[in-house]
Each structure stands twice: as C-alpha cells, then as structure tokens.
Amino acid sequence: MSRDCQIEMRIYQELGLQDVIVATGNFTELGGSLMPGEVLEAMQDAARSFVSIRALHERAGQVIADVTGAEAGYVTSGAAAGLVLGTAACITGSNPAAIQQLPDTEGLKNEVVIHKAHSNYYNQMLRLTGAKVKEVGYSAHRTLPWQLESALDERSAAIIYVVAQFLTSQTALPLPEVVRIARAKGAPVIVDAANELPPVENLRKFIEMGADLVIFSGGKDLQGPQSSGFICGRQDLIAACALNGAPNHGIGRPMKVGKEEIVGLVAALKRYVRLDHQARIARWEQQVSLIVDGLADIEHLRVSRVFPDYTGRPVPRAWLTWDEETAGLSKQEVLDALAKESPIIRVLEEYTGKGLLIDPTTLLDGQETIIAERLRAIFAGRGSAAPLRRSSP
C-alpha cells in the first residue's frame, strides 16, 4: 500500500496525541497495521445491516479454508484468542459438558506441551483454558526426539509449536518431526504463526507440513482489523473452536468478533493473496537502501542490510550497530532521541541486543528519509541530539 507520509492523522491530534512513524514491523502496541481502502469499505458495508453471526462465521471459515488449503477455518479476535480457542478445542472437542466445564479441567486432557525454546509470555493464553503448560527439551541445546515422545501421554491435549522472530533459540525439533511424533501419540499440533506473513506461501505451508491447527494474526501483514485473526485446520477441531467461542457461551465468549471485523478479515485475506508480493519486497528494498546509503558515512556507526530474518520471512531490514563508548551514545539514548521529537520514531531493538533494526514493512512512502535524517542528526550531535552526547569523565 502506497501512502504519502504527510497524511494528517487528525483524530489523534484532536486527542492530543503525536503522530508515530513505525519502523518496527507490525506490533499491537503500535496499532498493528494500516487497513487499505477496500478493507475499510467492506467493514463499513458490514456495519450498515444485521446478519446471522453464526452464518457469517461459517461463510468466512469457508473462505479461510479455500485460501489456506485447510479443511476449515474460524475468525478470532486476534491470534492470542486463537491460542485460547485452539487449546480449548483440543481439550473439550465438541463435548458440551466439557465446554461448559472450562476452565476446570478435572477429568479432561489438561496438559499442553511446548518446547522450552518456544515458551514465552503467550503461555498465559494456554493457561486461560485451565490447561497446564508442560515444557520439554532445552533452551540452549537441541531438544531430542525421545524427550517429546516421553512428554506426550494420556494427559496431553496438544503440543504448541511457535514460529516467531522473537524466539532467539533454535533448539526445538523441526516441525515435521514434531508432527510425526505427535501423530504416533495421538496429540494434535497447534502452530502459532501469528506474525509469519510474508511470505504468502506460509498461509498453506504449515497445514501442508501436517499441523492440525494453524493460527495467524489478521492485524499484521494481512492489514486486516487489528482485533482479528484466524485459525485454520482440521474440521472437527475448528468446529470445537466455534463451540467454545462466541456467540456461544463457552470460555471464548469474551473474545467475540464483530460482524465488521469478520468481514474485514475476509476482505484482507482475499486482497493479500492477490497482491504483487515481489513489488512489495522491491519497495522495501528501496527504502532500506536509502537508509543504509544515507547513514554509511557516519563515524562510529555500522549500518548494513540484513535479509531474511531467521524464520525465513523475505523482509530486508537495516541493521545499525556501534560501539557505545567510542560513539558516546548508548542504544537507549538513541531510542529516547527518536521518541523525543514529532513525529515520534519507533525502531526495533535487535533481539540479541546487538543494535537496532529498521523494518520497512510498516513505513509509508517518504518516512525512510525522515528516519535517516533524524539518525544523522543524533549521531552527529546536532540540534536536539546534542545533549545525548556523554561528557568526558
């Protein structure tokens, strides 16, 4: 989506809020994504009349299935809600008594297995169902197949497999091996792929690899409503997700998705598979090149293009590193300086702590120039950046 960086965000200004240039990629904290016109128009149309939510969910699920190659699909109020509903589905199946029993899991399969290397703050979503999270393997050493085999038993409701940039450890078993072991043990595999778009091929990849359920966010690269996501996978488990969710009165009732968000997610998904993804990558490459070239001559600063990220997403990014003592400038001081003026600029802290990353996927046209100019000023010590220079001891 091409937009001029001078667009006035009048509503936020009326509320006394500053504009933000987001160079982090899609994050909930920063509003997710910007919805294109056809998604907004679809949501406006949906808001003008009533509809059967059950029928709308069913039709949306058919679209999701067609796009992903899965047996069925279900729209959720974000990927985190997908984790709750997917876990609940694996615990209860379509048993109405079990559905009403949650989050009390006594007498039910109530353990969810996850690699220690995949364990993260979203484990709380699993626990909302009443499930107990059971970690397996190592975080610093390669997990061994027998460890997963021994962890899966009659109490295992599912295994959660996380594919995410924020996981710096790569010691988990490969997904195909996890699927093989889980199948032998009769445990469903839920893949959390919330932010694993692009590439567009990932919409089908994890299903084709044998996952029973796969979860995506709708409010990230899909550019759908921020409060949307979807699950795709086995027909029986998707049916159980729906029974646990709204408009039914299961544990997912508070996570209901409005008619506008369901329609918006469907519109965004249909649009996404029609996009020229090579043209998008070319645009990102151009923005990254401008930043890298624009900062190349700054003393003490090392800037380079990195591609792809470790999960294989085809996203070029600018990587900035420097010796803090030599430059007299800490990483936090740079972050503070970027947030000091209007518009606020948010960049990504590299997960291993080795500098900053600039992700172009959320940049509007022209914002790459603003970022490069602001960073030049900060490292040169000019203007507002001057006070950030450390004084000599």
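Predicted model: local features only at pLDDT ≥ 70, side-chain atom pairs only at ≥ 80, totals over all residues.

Visitor: Which radius of gyration does the chain have, and what would a compact globule have?
Guide: The C-alpha trace spans about 65 × 55 × 35 Å along its principal axes. For 393 residues, a compact globule would have a radius of gyration near 21 Å. The value for the chain agrees with this, at 23 Å.

Visitor: What percentage of the residues of the chain count as buried?
Guide: A residue is called buried when its relative accessible area is under 20%. The accessible surface of the chain comes to about 17,800 Å², and carbon and sulfur atoms hold 52% of that surface. Of the 393 residues, the share that counts as buried is 54%.

Visitor: What share of the contacts with a separation of 6 or more is between residues 24 or more positions apart?
Guide: A contact requires heavy atoms within 4.5 Å. Among contacts in the chain with a separation of 6 or more, those between residues 24 or more positions apart account for 70%.

Visitor: Is glutamine 223 buried or exposed?
Guide: Glutamine 223 is located in the loop between β7 (213-217) and β8 (229-233). Its relative accessibility is 10%, and the limit for burial is under 20%. Glutamine 223 therefore counts as buried.

Visitor: Which side chain forms a polar contact with the side chain of glutamine 223?
Guide: The side chain of glutamine 223 also reaches a backbone atom, namely the oxygen of leucine 34, at 3.0 Å. The contact between side chains has a length of 3.4 Å, and the partner is arginine 271.

Visitor: What is the phi of glutamine 223?
Guide: Most residues other than glycine have a negative phi. Glutamine 223 is not a glycine, yet its phi is positive. The value is about 60 degrees.

Visitor: Where is histidine 300 found, and what is its phi?
Guide: Histidine 300 is found in the loop between α12 (277-295) and β9. With a relative accessible area of 30%, this residue is partly exposed. Although histidine 300 is not a glycine, its phi is positive, at about 75 degrees.

Visitor: Which residues is threonine 321 in contact with, leaving aside its neighbours within four places in sequence?
Guide: Beyond the neighbours within four places in sequence, its contacts are His300, Leu301, Arg302, Lys354 and Gly355.

Visitor: Which residue does a cis peptide bond join to proline 343?
Guide: Proline 343 lies in the loop between α14 (331-338) and β11 (344-349). The omega of the cis bond is about 0 degrees. The residue joined to proline 343 by this bond is serine 342.

Visitor: How far apart in space are glutamine 18 and proline 343, C-alpha to C-alpha?
Guide: Glutamine 18 is placed in the loop between α1 (10-14) and β1 (20-23). The side chains of glutamine 18 and serine 342 are joined by a polar contact of 3.5 Å. Glutamine 18 and proline 343 are 325 residues apart in sequence, but in space their C-alpha atoms are separated by 6.4 Å.

Visitor: Which side chain is joined to that of glutamine 287 by a polar contact?
Guide: Leaving aside neighbours within four places in sequence, its contacts include Pro360, Leu363 and Leu364. The polar contact has a length of 3.1 Å, and the partner is glutamate 368.

Technical notes:
Residues numbered from 1 in each chain as written. Heavy atoms only, no water. Helix = DSSP H or I, 4+ residues; strand = E, 2+ residues; numbered from the N terminus. Buried < 20%, exposed > 50% of the residue type's maximum accessible area, 1.4 Å probe, protein only. Polar contact = N/O pair within 3.5 Å; in protein donor to acceptor, adjacent residues only side chain to side chain. Rg over C-alpha atoms; globule rule 2.2 N^0.38 Å. Areas by Shrake-Rupley, 256 points an atom, 1.4 Å probe, with all protein chains shown as cover.
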